[in-house]
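Subject: A structure to look through, with notes

Hello,

I am handing over a structure for you to look through, and my notes follow directly below it. Please keep the picture open while you read, and take your time with it.

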Amino acid sequence: MTPSKNPFIAVFDAFRSPIDCFAAVYDRPRWAFLPYLIVILGPIFFWSSYFSNVDMAWLQQELMVQFTNLNQQMEPSLLTQEALHASEVVADIAGRTLCIFVLALWLHLATKSNQYQHSYGKWLAASCFIMLPTLIGDFASYTNIMFNSNNIMPNAADLNSLNGLIKLPMSNPWASFAATIPLLAPWYITLTYAAVTAWTDFDRAKSIVVAILPWLLALIIWPIMIIAV
């Protein structure tokens, strides 16, 4: 194991050799500023490309139809290109930031029985690196809209989510569930597993449980809430 020498190599190692990445991040948690910057800049570039290429007249008409199907009224001022662009960017950045903080909290609490105790800040740094695969999803989404001649609704354009694959309309009760389930969850789980094994004395089975459980709970609890409603 050779710890990454700088934050740029650590970002590369998160994909190539996660153990080396987390070995370095343990001693240098401030390096997390770089992956976090990458994670939040992705949506800015992606949605800028999306709204530069989509037919706004078509998009506004489709949104009005879908909001009507949901028995909701939308102010025309909220359907301008600028307003829609800003709302998508803010929603993505807020969602990813929340995911990082919640994942860090989970890891902090789930590893309390570990012989080696780590601060919430260290797990927060690890979580920033764990979320780096969103970069791959953003690039795939960008490629999709650039080379796709058909218009795509915003909730189906982001290939980071399951709805980017199955493309449910907003009026479908399962659309919100599909839009929040990450297609790259197996990759996040793998990186979480690498962080837990690198920083704790947990055996393989326990590390796998810690890595999988938060994503599994999301897959179980959210459908139950939809069915109950």
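Before anything else, a residue is called buried when its relative accessible area is under 20%, exposed when it is over 50%, and partly exposed in between, using a 1.4 Å probe and protein chains only. Please bear in mind that this is a predicted model, in which local features need pLDDT of at least 70 and side-chain atom pairs count only at pLDDT 80 or more, while totals for chains, interfaces and linings use all residues. Residues are numbered from 1 along each chain as its sequence is written, and side-chain values use heavy atoms, with hydrogens and water left out.

Confidence comes next. The pLDDT is the predictor's confidence in each residue, from 0 to 100; the protein averages 89, and 93% of the residues score at least 70. Helix H6 (residues 120-130) has the highest confidence, at a mean of 97, whereas H12 has the lowest, at 81. Helices such as these are DSSP runs of H or I with at least four residues, just as strands are runs of E with at least two, and both are numbered from the N terminus.

Now to the salt bridges, each of which is a side-chain nitrogen of Lys or Arg within 4 Å of a carboxyl oxygen of Asp or Glu. How many does a search of the whole structure find? The search finds two. In one of them, the side chains of arginine 16 and aspartate 13 meet at 2.7 Å, N to O, and because these residues are three apart in helix H1, about one helical turn separates them. Arginine 16 is exposed, with a relative accessible area of 52%, whereas aspartate 13 is buried, at 2%. Another salt bridge joins the side chains of arginine 96 and aspartate 138, at 2.8 Å, N to O. This pair links distant parts of the chain, since arginine 96 is in helix H5 and aspartate 138 is in helix H7 (residues 134-147), 42 residues apart. Both partners count as buried, arginine 96 at 8% relative accessibility and aspartate 138 at 6%.

Why can helix H2 (residues 18-27) be described as largely enclosed by the rest of the structure? Seven of its 10 residues are buried, so the description follows from that count. The buried residues are Pro18, Asp20, Cys21, Phe22, Ala23, Ala24 and Val25, and they pack against helix H1 (7-16), H6 and H11, where contact means heavy atoms within 4.5 Å.

Not counting residues up to four places away in sequence, isoleucine 130 touches Phe22, Leu103, Leu107, Tyr188, Leu191, Thr192 and Ala195.

Tryptophan 106 lies in helix H5 (residues 81-110) and counts as partly exposed, at 25% relative accessibility. Leaving aside residues up to four places away in sequence, tryptophan 106 touches Val210, Leu213 and Pro214. A polar atom of the tryptophan 106 side chain lies 2.9 Å from the backbone oxygen of valine 210. A polar contact of this kind is a pair of N or O atoms within 3.5 Å, where, within protein, one must be able to donate a hydrogen and the other to accept it, and where residues adjacent in sequence count only if both atoms are side-chain atoms.

Threonine 200 is found in the loop between helix H11 (185-199) and helix H12 (204-228), and threonine 200 is buried, with a relative accessible area of 9%. Its side chain has a polar atom 2.5 Å from the backbone oxygen of valine 196, and a polar atom of that side chain also lies 3.3 Å from the backbone nitrogen of phenylalanine 202. With residues up to four places away in sequence set aside, threonine 200 touches Thr111, Asn114 and Trp123.

Finally, please look at lysine 167, which is in the loop between helix H9 (163-166) and helix H10 (175-180). Lysine 167 has a positive phi of about 55° although it is not a glycine, and lysine 167 is partly exposed, with a relative accessible area of 38%.

Best wishes
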